[in-house]
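Please read them with the model open beside you.

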Amino acid sequence: MSGPDDPAHPCLRCGACCAHFRVSLHWSEAAPELGGQVPPELTEPLRQHERVMRGTSQARPRCIALDADIGTYSYCTIHALRPSVCASLTASWEFGERSDQCDRARIAHGLSALTMADWVR
Ligand code: SF4
Ligand code: SF4
C-alpha cells in the first residue's frame, strides 16, 4: 500500500494488498539499533537475512498491522514506519501505470482493478 494523504485515495477503501502477499523485509529494517523503523515485535524471522510481517506468511495472509474491512476501509497502523516494500507498492494508475500487484490483490478479494477513472477528482 502506498502513502495516501488524500481522504479520497482508493487505498483507504481497499487494503487488499496487505491481505494477499507475504510481506518480507531485510532484517535491518526491523533493527532499531541500525536505524530500522519497523516495529520488530510485528515481524518474525523468515530466511537468513529476512524477516516477514506477522500474519503474511500463511495461506491466507493478513498483515498484523492492518486495520481494515477489505473493500470498505483500510488503514495501516504503522503507516509512517511500514517496510520499504509496502511504501514502494503503488496503486494502479496512481502514477500513470498499471500495477500488477495491485490488480492481482484486488481481484483476489473480489474487487475490480482500478482504472484511470478512479483517480478523477
Ligand atoms: S491493492 Fe491497490 S488499491 Fe488496494 S490498498 Fe493495495 S495498492 Fe491500494
Ligand atoms: S505494514 Fe502496513 S502497508 Fe505493509 S502490509 Fe502491513 S498493513 Fe499493509
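1. In helix α2, C102, D103, A105 and R106 are the buried residues. Buried means under 20% relative accessible area, exposed over 50%, and partly exposed in between, with a 1.4 Å probe and protein chains only. After α2 comes G110, which has a positive phi near 80 degrees.

2. This is a predicted model, in which local features need pLDDT of at least 70, side-chain atom pairs count only at pLDDT 80 or more, and totals for chains, interfaces and linings use all residues. Residues are numbered from 1 along each chain as its sequence is written, chains are lettered from A and ligands numbered from 1 in the order in which they are written, and side-chain values use heavy atoms, with hydrogens and water left out.

3. The protein chain has two helices and five strands, in the order β-β-β-β-β-α-α from the N terminus. Its radius of gyration is 14 Å, close to the 14 Å of the globule rule for 121 residues, so the chain is as compact as a globular protein of that length. Helices (H or I, at least four residues) and strands (E, at least two) are DSSP runs, numbered from the N terminus. The radius is taken over C-alpha atoms, and the rule is 2.2 Å times the number of residues to the power 0.38.

4. Of the 121 residues of the protein chain, 40% count as buried. The largest nonpolar core has 27 residues, and C17, M53, A65, L66, I70, I78 and A91 touch the most other members. Strand β4 and helix α2 each supply at least two residues of this core. Such a core is a set of buried Ala, Val, Leu, Ile, Met, Phe, Trp, Tyr and Cys residues joined through side-chain atoms within 4.5 Å. In soluble globular proteins, nonpolar side chains tend to be buried together.

5. Which residues does I70 touch, not counting those up to four places away in sequence? They are C14, G15, A16, A19, R62, H109 and L111. Contact here means heavy atoms within 4.5 Å.

6. Strands β4 (residues 66–69) and β5 pair in the antiparallel sense over four bridges; two strands pair if DSSP finds at least two bridges between them. D67 has Y75 in β5 as its bridge partner. Three residues lie between the strands of this hairpin, where G71 takes a positive phi near 90 degrees.

7. A68, in strand β4, counts as buried at 11% relative accessibility. Not counting residues up to four places away in sequence, A68 touches R62, Y73 and S74.

8. T43 lies in strand β2 (residues 43–45) and, at 0% relative accessibility, counts as buried. The T43 side chain reaches the backbone oxygen of P40 at 2.8 Å. Leaving aside neighbours within four places in sequence, T43 is in contact with residues including A30, V38 and M53.

9. Is W93 buried, partly exposed or exposed? With a relative accessible area of 27%, W93 is partly exposed. W93 lies in the loop between α1 (84–88) and α2, and its phi is near 70 degrees, a positive value in a residue other than glycine.

Technical notes
Polar contact = N/O pair within 3.5 Å; in protein donor to acceptor, adjacent residues only side chain to side chain.
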